[in-house]
Amino acid sequence: MKRRKRERENGFEDWGGYMEAKKKKLIQQFNDEAEKSNKKVNDLFKGIAIFVNGYTVPSADELRCLMIKHGGSYHHYFKSDATTHIIASNLPNSKIKMTQNLKIIKPAWITDSIKAEKILNYTDYLLHSNQSTTQPSLKNVIQTYGNKNKKMASVKDATHEHFLSEFYNNSRLHHISTMSTIFKDYINEIRVDKTHQLDGRNELLRNSKGRPDCFPLPSFSNKDDKCIMHIDMDCFFVSVGLRDKPELRNHPVVVTHSNGNLAAARDRTNAQNELTAYRKKLESKGKIITKETSGEHRSFNINELDSMSEIASCSYEARKAGIKNGMFVGQALKLCPNLKFIHYDFESYKEVSFILYNTVARYTVDIEAVSCDEMYVDCTELLKTASLEPMEFAKILRAEIKKKTGCPCSVGFGGNRLQARLATKKAKPDGQFYLNEENIVSFMHSLPVSDLPGVGGSTSYKLRNMGIKTCGDLQNTSLTCLQEEFGKRLGETLHKNCFGNDDKPLQFHHVRKSVSADINYGIRFQNDDERDKFLKKLSEEVSNRLNSVKMKGRSVTLKLMVRSKDAPEETAKYLGHGVCDQISKGTTLPTATSDASLILREVLKIMKNVSINCKELRGIGIQISRLESQLPPDNKLKQFLTGNKKVIKSDQIIMPSTSSMESIPKIRNAYEDLSLSQIDQSFLDAMPVDIQQEIMSNIKQSRSVSNLRCKHQKAINLEKTVGKEPKESNISFKKENKEIADQSNQNAEMKTYISPKELRILVKQWVELEEEPSSRDVSMIIQYLQHLAIAEHLEDLLIIIKSFYRLYHYSFLSSCKVSHK
């Protein structure tokens with residue numbers, strides 16, 4: 001059918017129709033305006049023509065003016081044969097389908113190029129994460145995650161051979177937790193390193209000598225005062241990433257795996273249903289999402305095609321736009337369309353962290369490592385020695401850290417760890433603050449309760465319902481009321497913290513409590529064989545980690561993430577875990593182990609008992625706890641108890657004459673003077689069974705020795721009576737004499753060496769009767785424990801150490817009850 005010829009000509013036929021004529025007219029108007037304008041600065045964008053699609057920052061009008069100033073062209077309508085770049089901050093799926101083979105760039109490319117005075121590589125500013133950084137097109141941007149999508153087809157799940165190594169190489173949480181452990185162990189090494197030099201402290205001391213004698217002592221110079229410092233790097237991942245990207249400074253920046261807001265649609269997924277199930281899960285746990293917080297929560301304002309990549313760190317500019325750590329990229333882009341992205345750089349994070357810890361360790365090794373970018377430091381002794389005020393030292397330290405790392409940090413000081421942490425929060429960003437005794441009352445009174453550590457969303461919600469918004473409100477609430485509402489432990493913590501009190505000391509020595517391996521991505525099994533093969537690999541991973549730290553454990557725990565009943569079978573995030581129920585089951589082994597086969601055996605037993613369909617699993621973890629060292633115990637005990645000191649043998653242990661323990665040898669000798677008839681049976685029955693047996697055994701032994709001596713003496717007297725010399729060669733008397741000699745030697749040794757059971761009784765009396773131990777008693781106990789370690793009486797040593805712990809624990813609890821009353 002032939003096309004009907006227009007009856008009338010409209011004058012635009014040579015231009016290709018009305019719209020084409022309109023586009024050319026607008027372009028010509030722009031060119032005329034640019035020629036007449038006196039605002040032109042340079043020809044930076046010569047040859048570049050942009051079309052702005054949708055809302056952007058800067059706005060379309062502002063971008064138009066920028067193109068006039070810098071020699072570029074601005075198109076009101078997209079013109080395929082003339083437009084070189086499409087500028088957009090966010091595009092819906094319908095428009096993406098129309099933009100194949102085109103450059104879709106964020107507006108920051110224009111503003112950053114103007115600042116740099118050169119055209120920057122636009123591939124760093126591509127809007128979508130799966131647009132190639134080496135090719136200029138968006139070809140095949142909309143594809144499903146099926147077999148047609150080669151990129152997604154290459155993503156491996158837990159059934160693939162090298163899944164574990166690839167997962168841990170790319171897992172953000174794994175790297176963060178690993179770095180935390182690395183620096184805790186690193187501080188342990190520094191503290192025992194005798195060659196470690198405190199160069200920074202020595203510099204402070206040299207500088208302090210030049211001060212006048214009248215220079216005042218630090219404000220906390222009283223004997224019992226403490227000065228705790230808290231250091232926290234500002235937006236650590238972002239700060240490290242910006243070191244080689246200065247053009248992104250002062251812009252909203254986040255660190256994430258994603259490059260933009262594109263999530264391709266996949267079959268059998270329903271993001272809204274998944275998010276609804278997630279909210280129900282939160283509410284079932286008492287984590288109420290209120291109207292005030294619903295807009296901030298990451299489960300809101302998300303649709304099917306929004307990226308669900310999580311933000312690990314965000315700059316302060318991004319935070320001003322409402323972006324928070326842990327938020328989904330899709331939600332963040334709606335709050336801040338001109339958001340910029342930086343990828344993870346774990347090696348650089350580790351490098352900067354080592355510089356940070358080494359810098360602080362130049363001044364003191366009294367450091368509690370918290371993470372790769374956070375620590376507590378006890379500066380009490382350092383500042384008193386150098387006669388420095390906390391704020392003076394903070395200025396010196398922060399400048400040195402900034403110079404060495406290129407990253408800012410904030411520092412807070414206080415009388416305890418809580419005050420120091422709150423002071424750091426006050427100091428951010430890139431500042432310092434000292435929360436001293438003079439301002440602690442007013443500071444805490446106005447502090448929001450949500451700023452207290454451990455007070456999350458659900459606790460804040462309950463406190464608001466009680467009419468409590470600030471620590472001042474909390475101070476007016478009784479301890480009993482708080483414990484009734486939040487439980488004994490949390491109620492007591494809230495009551496102490498609202499006054500700025502925190503009696504938890506710094507932990508300078510890190511003791512590893514568990515070793516684990518967890519996977520919460522890619523768990524998709526079709527049968528039990530696939531599951532069991534993966535459990536074998538995970539057991540081997542845990543075994544390797546145990547062996548690397550020379551540890552073994554007695555407790556094996558299997559942690560499972562199982563798809564919740566209301567959650568969709570396919571998660572919105574590809575191969576993610578989605579909404580899950582947590583299951584944790586454990587077992588205890590008779591002996592500690594690091595053997596992969598034994599760990600696997602126990603894990604398979606637990607898996608069999610829980611009876612969960614393998615297709616419903618979304619996460620698996622294996623944890624080994626109740627750890628012990630793989631090193632021989634005797635060598636470790638000798639090193640711990642003796643150190644470099646000369647060990648005193650048991651026969652050299654002498655009871656001090658003034659010791660409260662000097663009566664112990666007399667207890668031994670007193671057995672010889674006792675008979676069974678002299679013992680009050682009711683008194684004996686009231687004693688523990690082991691003490692009863694010891695008393696009876698000692699009395700019988702003493703009586704047999706006494707009878708043997710008496711018998712021998714009678715024989716000698718009889719021979720003298722009949723005029724014969726006593727025959728020492730008599731075999732029976734030889735044996736008897738040998739027994740007597742052995743017993744005499746034993747008795748002589750017992751005057752200086754006592755049994756573990758006797759020591760337990762003695763220590764109990766010691767703790768109950770004396771407020772403070774004498775130095776002689778302490779010295780004697782140390783020598784005694786050293787003897788047990790060298791003699792390899794490890795069971796006796798363990799019994800005594802446990803006795804010490806129990807007595808100290810009960811004594812501490814008793815003193816607390818008395819003080820409470």
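Helix α2 (residues 60-69) lies across β1, β2 and β3 and runs at about 175 degrees to β1, where contact means heavy atoms within 4.5 Å, axes are lines fitted to C-alpha atoms (for helices over the stretch in contact), and angles run from 0 to 180 degrees between N-to-C directions. The model is a predicted one, in which local features need pLDDT of at least 70 and side-chain atom pairs count only at pLDDT 80 or more, while totals for chains, interfaces and linings use all residues. Residues are numbered from 1 along each chain as its sequence is written, and side-chain values use heavy atoms, with hydrogens and water left out.

Helices (H or I, at least four residues) and strands (E, at least two) are DSSP runs numbered from the N terminus, and two strands pair if DSSP finds at least two bridges between them. On these terms an open sheet of 4 strands has the order β2-β1-β3-β4, with parallel pairing; its edge strands, each pairing on one side only, are β2 (73-75) and β4 (104-105). Strand β1 (residues 49-52) is joined by 3 bridges to strand β3 (residues 85-87), the two running parallel, and Ile50 has His85 in β3 as its bridge partner.

## The annotated binding site

In the UniProt record, an unreviewed entry, the feature "binding site" is placed at Asp232, Asp373 and Glu374; such positions are given in the numbering used here, feature names are shortened, and annotations may be inferred rather than shown by experiment. These residues span 143 residues in sequence, yet no two of their C-alpha atoms are more than 5.9 Å apart, so they gather at one spot.

Asp232 belongs to strand β5 (residues 228-233) and counts as buried at 16% relative accessibility, where buried means under 20% relative accessible area, exposed over 50% and partly exposed in between (1.4 Å probe, protein chains only). Not counting residues up to four places away in sequence, Asp232 touches Asp373, Glu374, Cys409, Ser410, Thr424 and Lys428. Glu374, found in strand β10 (residues 374-378), is also buried, with a relative accessible area of 17%, and its contacts, leaving aside neighbours within four places in sequence, are His230, Ile231, Asp232, Tyr357 and Ala369.

## The β9-β10 hairpin

Strand β10 forms a hairpin with β9, with 2 residues between them, and 4 bridges join these two antiparallel strands. Within this pairing, Glu368 stands opposite Tyr376 in β10. Of the 5 residues of strand β9 (residues 367-371), 4 are buried, so the strand is largely enclosed by the rest of the structure.

## Aromatic pairs and charges over rings

Rings of Phe, Tyr and Trp (its six-membered ring) pair if their centres lie within 6.5 Å, with planes under 30 degrees apart counted as stacked, over 60 as edge-to-face and the rest as tilted; by this rule the count comes to 17 aromatic pairs. One of them is the tilted pair of Phe525 and Phe534, at 5.7 Å centre to centre and with 50 degrees between the planes. Phe525 is buried, with a relative accessible area of 1%, and Phe534 is buried at 2% relative accessibility. Elsewhere, ring pairs link Phe236, Phe237, Tyr344, Phe346 and Tyr349 into a cluster.

A charge sits over a ring if NZ of Lys or CZ of Arg is within 6 Å of the ring centre and within 35 degrees of the ring normal. Arg319 lies over the face of Tyr316, at 4.8 Å from the ring centre, and the charged end of Arg362 sits over the ring of Tyr363, 5.5 Å from its centre.
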